[in-house]
Amino acid sequence: METLLRCDGGRDVTLNFSNDAFLSLSTSAGGYCEGAAHPFYFETHLTYDLTTGAPLDWFTLLPPVLLTDNASKPTEPRDGFKSQALTKLYLAHRRLPDANNLTRDEIECRGYIGGEPGVSFDLWLDQPNHALTIAPAGVAYVYTACIAPAYISIETLRRLDADPRLIEALRSNID
């Protein structure tokens with residue numbers, strides 16, 4: 001006889017960014033199943049180019065310097081982007097509670113994210129922060145403390161020579 005597990009959970013969709021050019025959404029789901037060792041949780045971040053109606057090809061907007069060191073292009077939105085330059089940018093811009101007094105967890109996170117073979121990153125636009133958001137993708141449960149986002153400012157994107165459409169989109173929502 002088949003035994004069914006009792007699970008509790010939920011899902012949510014968040015609008016991160018919207019203007020005439022781009023739409024960024026995040027979906028999340030999580031919960032717990034009876035008898036499981038850990039709860040489950042996952043996020044998917046999708047950004048659409050509203051001029052085409054298709055998912056955004058980040059390789060057309062991201063600064064070339066972020067893609068020069070064997071960057072991998074995801075085959076599915078949930079796969080994320082991977083490059084040493086993205087990892088360095090993420091680690092440099094991740095908001096830390098106190099960068100001078102890192103916790104053991106933060107030291108482990110920096111080692112996990114910056115170590116070999118490296119992690120992939122999800123990208124999306126963030127309206128409240130007027131920024132490109134980068135966060136580790138597909139992180140194992142034990143490292144869920146490591147998924148804090150990094151917000152890449154308009155100034156940083158401009159300095160890295162990002163596509164002007166990206167800069168203008170982020171600037172268009174500043175009051």
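Colleague: In what order do the strands of the open sheet with 3 strands stand, and what is the sense of their pairing?

Modeller: The order is β5-β6-β7, and the pairing is antiparallel. This is a predicted model, in which local features need pLDDT of at least 70 and side-chain atom pairs count only at pLDDT 80 or more, while totals for chains, interfaces and linings use all residues. Residues are numbered from 1 along each chain as its sequence is written, and side-chain values use heavy atoms, with hydrogens and water left out.

Colleague: What makes β6 and β7 a pair?

Modeller: Two strands pair if DSSP finds at least two bridges between them, where a strand is a DSSP run of E with at least two residues, numbered from the N terminus. Strand β6 (residues 131–137) is joined to β7 by 4 bridges, and the two run antiparallel. Within this pairing, L132 has I152 of β7 as its bridge partner.

Colleague: Why are β5 and β7 said to stand at the edges?

Modeller: β5 (120–126) and β7 (150–153) each have a single partner strand, so one side of each lacks a neighbour in the sheet. On average, neighbouring strands here are turned by 30° against each other, direction ignored.

Colleague: What is the strand order in the open sheet of 4 strands?

Modeller: That order is β1-β2-β3-β4, again with antiparallel pairing. β1 (7–18) and β4 (54–55) are its edge strands; each has a single partner, so one side of each is without a neighbour in the sheet.

Colleague: Why are α1 and α2 called roughly antiparallel?

Modeller: Helix α1 (residues 84–93) and helix α2 (residues 104–114) pack at about 160°, with axes 10 Å apart. Angles under 35 degrees count as roughly parallel, over 145 as roughly antiparallel, 65 to 115 as roughly perpendicular and the rest as oblique. α1 and α2 are therefore roughly antiparallel to each other.

Colleague: Which residues of α1 and α2 meet?

Modeller: T87, Y90 and L91 in α1 meet R110, I113 and G114 in α2, contact meaning heavy atoms within 4.5 Å.

Colleague: Where in the chain is confidence lowest, and where is it highest?

Modeller: Confidence is pLDDT, the predictor's confidence in each residue, from 0 to 100. α2 has the lowest mean, 75, and helix α3 (residues 154–159) the highest, 94. The chain has a mean pLDDT of 82, with 83% of its residues at 70 or more. Over residues 74–78, pLDDT stays under 50, and the model has 5 contacts for them beyond four places in sequence.

Definitions and conventions:
Axes fitted to C-alpha atoms, helices over the stretch in contact; angles between N-to-C directions.
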